[in-house]
Amino acid sequence: MGEFRDRWTAVGLEHQVEPGSSNPAIVDGHPLAIWRGENGQPNIWHDRCPHRGMRLSFGFVRGDTLRCIYHGWGYESGGQCVSIPAHPELTPPKTICAKVYPATTRYGILWTNLADEPSSPLPDLGPEEGWHPLRSLYVNCPAETTADRLRGADCGVPDAKAGNGGDGIATIETGSGLTLLIAIQAVGADKAGLHVVARGEDARASGQRLELARKMQRLRCALEAQ
Amino acid sequence: MAIKLHDYGLSGSCYKVRLLLDFLELDYEVEKIDFYPGRQHKSLDFLEINPLGQIPVLDDDGTRLRDAQAILCHIANKYDASGRWLPHDPARFGQVMMWLMFAGGELMAASAARLHDVMGYRLDIEAARRNAHAAFRILDDHLTEREIEGGQWIVGEEPTVADIACFPYTALAGDGGIGHEDYPALRNWMRAFRRLPRFQPMSGIAEFT
Amino acid sequence: MAVTTDQVVLNEWVACGWHGQVPMGQSYDTVIFGQEICVSRKGAEEYEVAVIEENGATGRTLPVQVRYTCIFTTLGNPTRPLPVIAEFDEDDRRIIGCGSVGVRTSPYRIIENFLDMAHFSFVHTNVLGAPDQTEVLAYKTEHRKDVDEIWALDCKFYQPAASTASAGGQMTDYVYRVMSPFSVMLYKNVFGDPARNDAICLFVQPMAETECLAYMPMALVDEISTPEGIIDFQQGIFLQDRIILENQRPTLLPLDPTIELPTRADASSIAFRRWLKAMNLQFGIYEKQAA
């Protein structure tokens, strides 16, 4: 295959993927299922059951297995099929396996890498501690131009300075000493996901985060207007 | 005392009423309407029941009501002694009304997209999907703010008729070719809603999630 | 939208409407295999179907048959006739159509799902299947060469509410019959009358490779249910299937068994896919890109 670049991409905020849930996401047009068992471990898979191609993001979680909604086939977090309800006595063959991608949390953001043999390092913006989640939001503009557009966009924060945090990452320094990290997910040709976390004084207070989350909505409008 | 619902299984608006009747454990009788293909809601007999030719219609002990949102308010007002589903306090009443109007207004674009895709209604499908996405964005933004505040429901600390009114066409969006990928807060709210005691699914809303 | 060049599918009869869709004297435009057509109702049970040319002019008229509550036509020279479904001619049957439902997927995925029992417990929970009785017992499939149909026999599944006439759970016996790549039906035993079977059909109108309309005519033994109730039930079942159908990837049907891995319960799907492969049809089929 080798159709994907070796790079880490954000797919959501860690706290919004609830234990016991399966969720859809799209990276470069490629459908993913993000699911989390009762043990809390996040999993990112190709959104496709090997049996009849049903999207696994429609599935349901029982314990630490993901079950496909179509025929209830169960998969453990390594991707291996472990149960086929139509044949309760059968041990599923090893060949039945979902396509699994790496899933890592850093700065409160969930990251994956779709390359065949990922070797690139995770984005590094310093220590893990101190970041607090704001929100995820999706803008109707291409991911490649989002970082550039951010520099000119009016997010309504006084004295905000947009910066570059590396491949697919933008930052905003606010006049009041907060840093926003915006991890950009390329969804499709004309859509990007922004996964935003904040660091700094009061970044933890819900009033502050609420205020900043609203500014991100304003930023989305500004990006789409450009 | 007898409640009768003029009902169609595939109608998200009828589903709103069924949800509340079930949450309140009320007994009710169902009169099925052949909405499609029979267009029975436009028949002369039905127009006598509702001149707007729309479902649901509720007959409740001599009171006849149309409009899902109005029916939700009626049922909650009459049968929910706790006042939980339709709060009357000044802090919440206006907000519940606001989101009810949203459910019967902007959010109905998602219903239009579904009617187009499932039953072949002739309408501007691109506009319907665009407007539905715009409405979902409004609701997702609101629920994101509620999450940050530590809240789970559209208004206040408990589910209200606003949640019931917004749930069906949000959950059924896929039927009209509209995905939930862009709305994480919406997805978590829908999951919480489905976990409510006495919740009943309908076709198009997966049972197991 | 281009008209398919796949002569194999062009030679099939396909549904293009349901009887009563328009009043007498009126017409509607629709599409089969990428070809726009106009269906005009000339009389009570009389229809005319004509090709619409690219410039909008009316082109050649096509053969038409009104059967099983549906209107059928063909763009080619059919090698097989419309199937005979005797139940529709029995006087005491309830004959009910359910209009048509749009589905964005390959026509064969719709047919294949109709043949599948293993999803009952998960997709039609507490109606056609129980969450704790998921096993699919062995059944037989055969290719009846005289009529060129695929049959699945001796199928059994426990159903909590098999139909609107059911008073409780039952072990339901099914016989499935694939009559063409675009038409399938089932016979299932009637609640309280072991001697008779309900006949339920699914006809697919392939508009494009992944754009279809589904028709579900039924010939039922049921003296108690209202027509509104029967339609509500059947549409409810199909809308549960529809979420699955629209979310299978790829949307085209792969015939290579390494792309979608079957088990024993999929015997009818395996027979169906083999039959399609032997027909060598291209329309609506997923072709893996060359390595």
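**Domains, interfaces and local geometry**

Guide: Domain 1 and domain 2 of chain B bury about 1300 Å² between them, with carbon and sulfur atoms giving 75% of that area; buried area is the accessible area (1.4 Å probe) that two parts lose on being put together, summed over both. This is a predicted model, in which local features need pLDDT of at least 70 and side-chain atom pairs count only at pLDDT 80 or more, while totals for chains, interfaces and linings use all residues. Residues are numbered from 1 along each chain as its sequence is written, chains are lettered from A and ligands numbered from 1 in the order in which they are written, and side-chain values use heavy atoms, with hydrogens and water left out.

Visitor: Which residues in domain 1 of chain B lose the most area to domain 2 of chain B?

Guide: Chain B is divided into domain 1 (3-79) and domain 2 (90-194), with bounds that come from an automatic or database domain assignment. The contact (heavy atoms within 4.5 Å) takes 17 residues of domain 1 of chain B and 17 residues of domain 2 of chain B. On the domain 1 side, 31% of what is buried comes together from the residues that lose the most area, namely L10(B), K16(B) and Q69(B).

Visitor: How far apart do the C-alpha centres of domain 1 and domain 2 of chain A lie?

Guide: In chain A the division is into domain 1 (9-112) and domain 2 (131-225). The area buried between domain 1 and domain 2 of chain A is about 1100 Å², of which carbon and sulfur atoms give 64%. The C-alpha centres of these two domains of chain A are separated by 29 Å.

Visitor: What area do chain A and chain B bury between them?

Guide: The contact involves 30 residues of chain A and 19 residues of chain B. Of the area buried between chain A and chain B, 46% is on carbon and sulfur atoms, and the total is about 2200 Å².

Visitor: Is helix 2 of chain A roughly parallel or roughly antiparallel to helix 6 of chain B?

Guide: Helix 2 (residues 206-225) of chain A and helix 6 (residues 125-148) of chain B pack with axes 9 Å apart and at an angle of about 160°, where helices are DSSP runs (H or I, at least four residues; strands are E, at least two) numbered from the N terminus. The axes are lines fitted to C-alpha atoms over the stretch in contact, and angles run from 0 to 180 degrees between N-to-C directions. Angles under 35 degrees count as roughly parallel, over 145 as roughly antiparallel, 65 to 115 as roughly perpendicular and the rest as oblique. The angle therefore makes helix 2 of chain A, relative to helix 6 of chain B, roughly antiparallel.

Visitor: Which residues in helix 6 of chain B meet helix 2 of chain A?

Guide: Helix 2 of chain A contributes S206(A), R209(A), L210(A), A213(A), R214(A), Q217(A), R220(A) and E224(A) to this meeting. From helix 6 of chain B, the residues are R137(B), D141(B), E145(B) and I148(B).

Visitor: Which residues of chain A lose the most area to chain C?

Guide: Chain A and chain C bury about 2100 Å² between them, 56% of it on carbon and sulfur atoms. On the chain A side, 34% of what is buried comes together from R52(A), Y70(A) and H87(A).

Visitor: Where is P37(B) placed?

Guide: Y36(B) and P37(B) are joined by a cis peptide bond with omega of about 5°. The place of P37(B) is in the loop of chain B between strand 2 (29-32) and helix 2 (44-49).
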